[in-house]
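Open the model in your viewer and keep the selection tool handy. We will walk from stop to stop, and at each one you will pick something out and see what is there.

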Amino acid sequence: MTVNGNYWYLSEHLINVVLPVILFIVAIILFILFGIISSTTNSKKIYKIIGLTFLITTICISTIFLITKDYRKLISFETNANRKIKMAVLHYQTRPNDSSNRASLYDVDKTLNLPFYKKEVSTEQDSLKYLGKDDVFYYFTDNKDIYRLDISSNLIQFNPVNQVAVTKEYAVLIDASFTSIGFKEKIGPGISSIIVPISEENVLYQPKTKTYDLLN
């Protein structure tokens, strides 16, 4: 089945609205029928109705699971980073993090498992300046705040270049039908590499103001 916004909307409502309602109604019906059995002599007819109820319920549930097969394969890749809302039982909820620019590379990579997103890569040479390092962190600035990156990180490379180059990855929505159900148009940036001039590899730095995690 084609995975588009309409299919996603239909599937999440079948799973989170229609299915719970069916199970609730069936539970009430069975409760009533089993109650009648104890007070009637014509129990065979009641058992036939119970059997028919189970048969219809099984058909309905099987149909729902068949229709939503593709949706259920992909739903684990829906996150706070790529969707503003989430479907709960019988209703939508606003997700706690509605800021795509806080997404990490992990968020971008996870979002790219959804077939309606594509990867976009850009390299920027003036977004960060390298300040130096201490025993624990590398430090960068965007001329506003100071950011730290764990010195054990494999994202940073020291190469014979003239200035810092930051490679960023984004997940970009390619099907506009998903915007109507809360999916974000662009997730990221996730930093995939930072190239620093090798001439600055041994520069030391001690921050005197608050620092922020570069990857958050």
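**Stop 1**

Start by selecting Asn143, which sits in the loop between strand E5 (137-141) and strand E6 (146-150). Keep in mind as you look that this is a predicted model. Is Asn143 buried or exposed? With a relative accessible area of 61%, Asn143 is exposed, because exposed means over 50%. Its backbone deserves a look too: phi of Asn143 is near 70°, a positive value in a residue that is not glycine.

**Stop 1: a cis peptide bond**

Now select Gly188 and Pro189. The peptide bond joining Gly188 and Pro189 is cis, with omega at about 5°. Pro189 belongs to strand E9 (residues 186-197).

**Stop 2**

**Stop 3: along helix H1**

Stay with helix H1 and select Ile22, which lies in this helix. Which residues does Ile22 touch, leaving out those up to four places away in sequence? They are Thr57, Cys60 and Ile64.

Beyond its neighbours within four places in sequence, Ser11 is in contact with Ile67, Thr68 and Tyr71.

**Stop 4**

Leu90 lies in the loop between strand E1 (85-88) and strand E2 (91-94), and with a relative accessible area of 53% Leu90 is exposed.

While you are in this part of the sequence, select Pro96, in the loop between E2 and helix H4 (105-111). Pro96 counts as exposed, at 72% relative accessibility. From Pro96 to Ile85, 11 residues apart along the chain, the C-alpha distance is 8.8 Å.

**Stop 5: charged pairs**

Show the side chains for this stop. Side chains of opposite charge can pair when their charged atoms come close. How many salt bridges does the structure hold? There are 6.

Select Glu12 and Arg83 to see one of these bridges: their closest N and O atoms are 2.9 Å apart. Glu12 is in helix H1 (residues 5-37) and Arg83 is in the loop between helix H3 (69-74) and E1, so this pair ties together parts that are 71 residues apart in sequence. Both Glu12 and Arg83 are buried.

Another bridge joins Lys119 and Glu169, with 3.8 Å between the closest N and O atoms. Lys119 is in strand E3 (residues 117-124) and Glu169 in strand E8 (residues 165-173), so the pair ties together parts 50 residues apart in sequence. Lys119 is partly exposed, with a relative accessible area of 47%, whereas Glu169 counts as buried at 13%.

**Stop 6: the nonpolar cores**

To finish, hide the surface and select Trp8, Phe116, Tyr117, Phe178 and Phe183. These residues have the most contacts inside the largest nonpolar core, which has 17 residues. H1, H3 and E8 are the elements that give two or more residues to this core. Take Phe178: leaving out residues up to four places away in sequence, Phe178 touches Val3, Asn4, Gly5, Trp8, Phe116, Leu173 and Phe183. Apart from this core lies another one, of 14 residues, including Leu128, Tyr130, Phe158 and Val166.

Key. Residues are numbered from 1 along each chain as its sequence is written. This is a predicted model: local features need pLDDT of at least 70, side-chain atom pairs count only at pLDDT 80 or more; totals for chains, interfaces and linings use all residues. Side-chain values use heavy atoms; hydrogens and water are left out. Helices (H or I, at least four residues) and strands (E, at least two) are DSSP runs, numbered from the N terminus. Buried means under 20% relative accessible area, exposed over 50%, partly exposed in between (1.4 Å probe, protein chains only). A salt bridge is a side-chain nitrogen of Lys or Arg within 4 Å of a carboxyl oxygen of Asp or Glu. A nonpolar core is a set of buried Ala, Val, Leu, Ile, Met, Phe, Trp, Tyr and Cys residues joined through side-chain atoms within 4.5 Å. Contact means heavy atoms within 4.5 Å.
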